[in-house]
Amino acid sequence: MGTLVESVSIQGEDYPLSWQMETPLKRRESDSIYSVKVPFQTGYLYTEYKYKLNGVYELKDQDNRRIQFKEGTTVYVVRDTFDVRKWV
């Protein structure tokens with residue numbers, strides 16, 4: 001039997017994300033996929049983030065996830081699996 005999911009959230013380095021405040025993800029009705037839209041307006045080249053399940057960070061003792069921003073790109077779709085590192 002899996003973990004009872006009470007909350008899924010994201011926290012991160014740059015506004016509008018924050019390491020001090022959780023941004024909740026919403027569950028799709030038809031499956032176990034959670035999503036959130038995070039509007040960044042930044043001059044940074046990347047941002048770092050991690051997900052939390054029931055208030056506990058994923059990827060314990062591992063580096064944060066990272067999104068690389070590219071000039072001219074305005075929309076990013078990120079597909080992550082909780083607690084699984086995806087190397088590209």
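1. Strand S5 supplies four residues to the lining of the largest pocket, the largest share. Strands here are DSSP E runs of at least two residues, numbered from the N terminus, while helices are H or I runs of at least four. A pocket is an open set of points on a 1 Å grid over the protein atoms alone, where a 1.4 Å probe fits, with protein on both sides within 12 Å along at least five of seven lines; lining residues have an atom within 4 Å of a point.

2. A word on the basis. This is a predicted model, in which local features need pLDDT of at least 70 and side-chain atom pairs count only at pLDDT 80 or more, whereas totals for chains, interfaces and linings use all residues. Residues are numbered from 1 along each chain as its sequence is written, and side-chain values use heavy atoms, with hydrogens and water left out.

3. The largest pocket holds about 1300 Å³ of space. Its volume is the space filled by probe spheres set on the grid points, which are joined across faces, edges and corners. The lining has 37 residues, and Val 36, Tyr 51, Tyr 76, Val 77 and Val 78 are the closest to the pocket centre. Strands S1 (8–12), S4 (34–35) and S5 (46–53) are the elements that give two or more residues to this lining.

4. What is the lining of the largest pocket made of, by class? It has 23 nonpolar, seven polar and seven charged residues. Nonpolar covers Ala, Val, Leu, Ile, Met, Phe, Trp, Tyr, Cys and Pro; charged covers Asp, Glu, Lys and Arg; the others, Gly among them, are polar.

5. Now the chain as a whole. It has zero helices and seven strands. The radius of gyration is 13 Å, close to the 12 Å that the globule rule gives for 88 residues, so the chain is as compact as a globular protein of that length. That radius is taken over C-alpha atoms, and the rule is 2.2 Å times the number of residues to the power 0.38. The C-alpha trace spans about 45 × 30 × 30 Å along its principal axes. Buried residues make up 26% of the 88.

6. Lys 52 deserves a look. It sits in strand S5. Is Lys 52 buried or exposed? Its relative accessible area is 10%, so Lys 52 is buried. Buried means under 20%, exposed over 50%, and partly exposed in between (1.4 Å probe, protein chains only). The Lys 52 side chain makes polar contacts with the side chains of Gln 11 at 3.0 Å and Glu 22 at 3.2 Å. A polar contact is a pair of N or O atoms within 3.5 Å; within protein, one must be able to donate a hydrogen and the other to accept it, and residues adjacent in sequence count only if both atoms are side-chain atoms. Beyond four places in sequence, Lys 52 is in contact (heavy atoms within 4.5 Å) with residues including Ser 7, Tyr 57 and Phe 82.

7. Ser 18 lies in the loop between S1 and strand S2 (23–24). It counts as buried because its relative accessibility is 19%. Its side chain reaches the backbone nitrogen of Gln 20 at 2.9 Å and that of Met 21 at 3.5 Å.

8. Gln 62 is in the loop between strand S6 (56–57) and strand S7 (65–68). It is partly exposed, at 39%. Leaving out residues up to four places away in sequence, Gln 62 touches Lys 50 and Arg 85. Gly 72 is ten residues from Gln 62 in sequence and 30 Å away, C-alpha to C-alpha.
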